[in-house]
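Good morning, colleagues. Please take a moment with the sequence and the structure before I comment on side-chain pairing and on the sheet.

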Amino acid sequence: MKKHGVFEWFRFIDFSLIAITTLLVVYGNLMVYSATRSSQGDPFFYLKKQIIFTLLGILVAVGIALLNYNWFRHYMVPLYIGNIALLLLVLLIGLTTYGATRWISIGFFNLQPSELAKIILILTLSAVLADKKGNIGKISELFTVFAYVGLPLLLIVVQPDLGTGLVLVAITLGLLFISGLKWQHALLIFGIVVLVIFLIFQFNLLKEYQMSRLMVFFNSSADPLGAGYNLLQSKVAIGSGGFLGTGLFSGTQTGLKFLPVRHADFIFSVVGEELGFLGSSFLLGLYFILITRGLAIGASAGNLYGTLVAVGISSMWLFQVLVNVGMTMGIMPITGIPLPFFSYGGSSMLINFAGVGLLLNIYARRFK
């Protein structure tokens with residue numbers, strides 16, 4: 001094996017990706033503390049747990065970056081089966097909170113297999129499409145992809161976790177698009193989506209709380225003390241921030257606990273209130289750089305599999321940022337999708353760091 005000098009190794013490390021991830025994580029941890037400091041008991045409780053998740057995430061990223069990402073391609077079948085087994089296990093022994101069964105207790109940590117399903121879908125579906133060499137010209141091949149994605153998607157939706165299910169759809173569409181999806185097939189997919197939406201409403205398949213969320217999406221003042229409460233408080237928080245915000249740790253919506261789940265799904269509202277348009281724009285700018293960096297790494301990958309994995313990760317982040325930020329402002333339905341590296345949560349943090357590890361891995365092997 002060719003030996004490299006100390007400085008030559010720098011060519012294999014994407015310092016810009018590491019820097020942007022570090023900024024996002026530090027910014028996010030600061031806002032988690034701001035959102036939870038007024039909680040009863042230890043004001044640093046959530047921050048300390050988030051820092052532990054961050055450190056574990058860094059270990060995951062380093063571990064994955066040191067492997068050869070092509071290794072995952074050869075083990076796509078065990079990875080896919082393991083993913084399905086975990087999702088089935090959730091239905092059997094999962095923990096139920098707020099009417100949803102999404103977590104498996106492993107002692108010190110509640111694992112959310114639907115988060116793990118995102119990265120496994122990226123790794124395995126990319127292998128399927130790479131084997132077809134980016135050519136999915138036949139309709140039968142397209143339905144093969146749908147069948148492959150459909151099983152984990154169904155197991156996640158019945159938890160119910162519609163938000164994560166939509167992330168899987170976004171990842172699949174991103175990978176199909178880069179694999180040369182024909183416009184005729186794109187129209188077919190659009191038609192299927194319209195048909196599915198029609199059937200959902202025709203047979204009343206949504207749960208009551210999901211219907212309520214849709215109702216307040218179209219009219220946020222329809223149920224101000226019930227389903228619309230989160231959204232109205234979020235709008236008040238963002239609107240009161242103005243250009244510069246009320247100041248870090250000075251948000252009244254946050255400090256007086258008017259805003260529910262402010263450290264998780266609605267943390268962007270805390271940024272909007274305390275740091276205003278300027279702080280929110282800075283955060284969105286960080287995400288723009290992160291996602292475009294992921295796409296650039298995909299464009300420079302040494303093989304098609306690397307390109308697809310990088311595009312899948314970028315698609316996941318892009319969809320989550322658009323939906324999360326959109327729902328806090330009332331331009332997207334509330335779906336419970338976390339903001340990458342920012343929202344409080346262990347499983348989400350570990351999976352996002354796994355994505356960073358894969359991108360660093362693909363970048364380091366771009367010459368091969």
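I begin with a term: a residue is buried if its relative accessible area is under 20%, exposed if that area is over 50%, and partly exposed in between. Please also bear in mind that this is a predicted model.

With those limits, F146 counts as partly exposed, because its relative accessibility is 24%. F143, at 43%, is partly exposed too. Both residues belong to helix α6, residues 139-157, where a spacing of three residues separates them by about one helical turn. How do the two rings of F143 and F146 meet, edge-to-face or stacked? Their planes stand at 90 degrees, with the centres 5.7 Å apart, so this is an edge-to-face pair.

The aromatic pairs come to 15 in total. One of them joins W71 and Y75, and this pair is tilted, with 4.6 Å from centre to centre and 35 degrees between the planes. W71 has a relative accessible area of 42% and is partly exposed; Y75, with 39%, is likewise partly exposed. Elsewhere, F45, Y46, F53 and Y344 are linked by ring pairs into a cluster. A charged group also meets a ring: R366 lies over the face of Y363, 3.8 Å from the ring centre.

I turn now to salt bridges, of which there are four. Which parts of the chain does the bridge between R293 and D14 tie together? R293 lies in helix α12, residues 267-299, and D14 lies in the segment before α1, so the pair connects parts that are 279 residues apart in sequence. The closest N and O atoms of this pair are 2.8 Å apart. D14 is buried at 2% relative accessibility, whereas R293 is partly exposed at 23%.

A further salt bridge joins R73 and D131, at 2.9 Å from N to O. R73 sits in helix α3 and D131 in helix α5, 58 residues apart.

Three strands form an open, antiparallel sheet in the order β1-β2-β3. β1 and β3 stand at the edges with a single partner strand each, so one side of each has no neighbour in the sheet. Three bridges join β1 to β2, and L95 stands opposite W103 in β2. Helix α4, residues 76-93, lies across β1 and β2 and runs at about 105 degrees to β2.

Notes:
Residues numbered from 1 in each chain as written. Predicted model: local features only at pLDDT ≥ 70, side-chain atom pairs only at ≥ 80, totals over all residues. Heavy atoms only, no water. Phe/Tyr/Trp six-rings, centres within 6.5 Å; stacked < 30°, edge-to-face > 60°. Buried < 20%, exposed > 50% of the residue type's maximum accessible area, 1.4 Å probe, protein only. Helix = DSSP H or I, 4+ residues; strand = E, 2+ residues; numbered from the N terminus. Lys NZ or Arg CZ within 6 Å of the ring centre and 35° of its normal. Pairing = 2+ DSSP bridges. Contact = heavy atoms within 4.5 Å. Axes fitted to C-alpha atoms, helices over the stretch in contact; angles between N-to-C directions. Salt bridge = Lys/Arg side-chain N within 4 Å of Asp/Glu carboxyl O.
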